[in-house]
Amino acid sequence: MARIEKTARQMEIGVVGHPDFTLGFRLAGIKRIFDVDDSKHMEKRIKEVVATGDVGILVVHGDEFARLPGPMRKELSNIVRPVVIPVGPREDTDLRQKIKQAVGVDLWK
């Protein structure tokens with residue numbers, strides 16, 4: 001009997017932001033780092049990363065996320081893939097809810 005193997009695309013963690021922000025993630029071994037030197041280019045860079053389809057979780061600094069246009073923030077908060085997680089002092093999302101959205105199960109229950 002022939003065995004059918006399904007190949008799932010491997011999703012990676014990606015980080016978009018200023019090199020000062022991404023450095024720690026780079027040191028932690030994250031390979032999908034997208035440096036943005038100028039905040040004016042943040043929106044374009046995030047759109048490029050989302051369009052590639054190979055990033056499952058996208059980390060963005062909370063301050064940069066807050067500077068994005070409202071419609072884009074709303075879209076990024078509602079898409080399933082990648083799960084966009086703003087981090088930093090101005091977190092705009094609840095990490096627990098994002099993990100539940102990504103995994104499909106509330107891991108804290």
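These legends go with close-up views of a predicted model.

**View 1. Four strands form an open sheet.** Follow the strands across the sheet and you will meet them in the order E2-E1-E3-E4, with parallel pairing. Now look at the edges, where strand E2 (32-35) and strand E4 (83-87) stand. Each of these two has a single partner strand, so one side of each is left without a neighbour in the sheet. Neighbouring strands here are turned by 20 degrees against each other on average, direction ignored.

**View 2. Strand E3 runs parallel to E4.** Five bridges join E3, which covers residues 55-61, to E4. To find your way around this pair, look for Val-59 and the residue opposite, Ile-85 in E4.

**View 3. Arg-26 and Asp-35 meet in a salt bridge.** The contact is made by their side chains, at 2.9 Å from N to O. Arg-26 is partly exposed, with a relative accessible area of 39%, and Asp-35 is also partly exposed, at 31%. The model has six salt bridges in total.

**View 4. Asp-38 forms a salt bridge with Lys-40.** Their closest N and O atoms are 3.6 Å apart. How exposed is Lys-40? Lys-40 has a relative accessible area of 69%, so this residue counts as exposed, while Asp-38 is partly exposed at 29%.

**View 5. Glu-43 pairs with Lys-47 in a salt bridge.** Here the closest N and O atoms lie 3.3 Å apart. Why are the two separated by about one helical turn? Because Glu-43 and Lys-47 are four residues apart in helix H2 (residues 42-52). Glu-43 is partly exposed, with a relative accessible area of 29%, and Lys-47 is partly exposed at 48%.

Conventions
Residues are numbered from 1 along each chain as its sequence is written. This is a predicted model: local features need pLDDT of at least 70, side-chain atom pairs count only at pLDDT 80 or more; totals for chains, interfaces and linings use all residues. Side-chain values use heavy atoms; hydrogens and water are left out. Two strands pair if DSSP finds at least two bridges between them. Axes are lines fitted to C-alpha atoms, for helices over the stretch in contact, and angles run from 0 to 180 degrees between N-to-C directions. A salt bridge is a side-chain nitrogen of Lys or Arg within 4 Å of a carboxyl oxygen of Asp or Glu. Buried means under 20% relative accessible area, exposed over 50%, partly exposed in between (1.4 Å probe, protein chains only).
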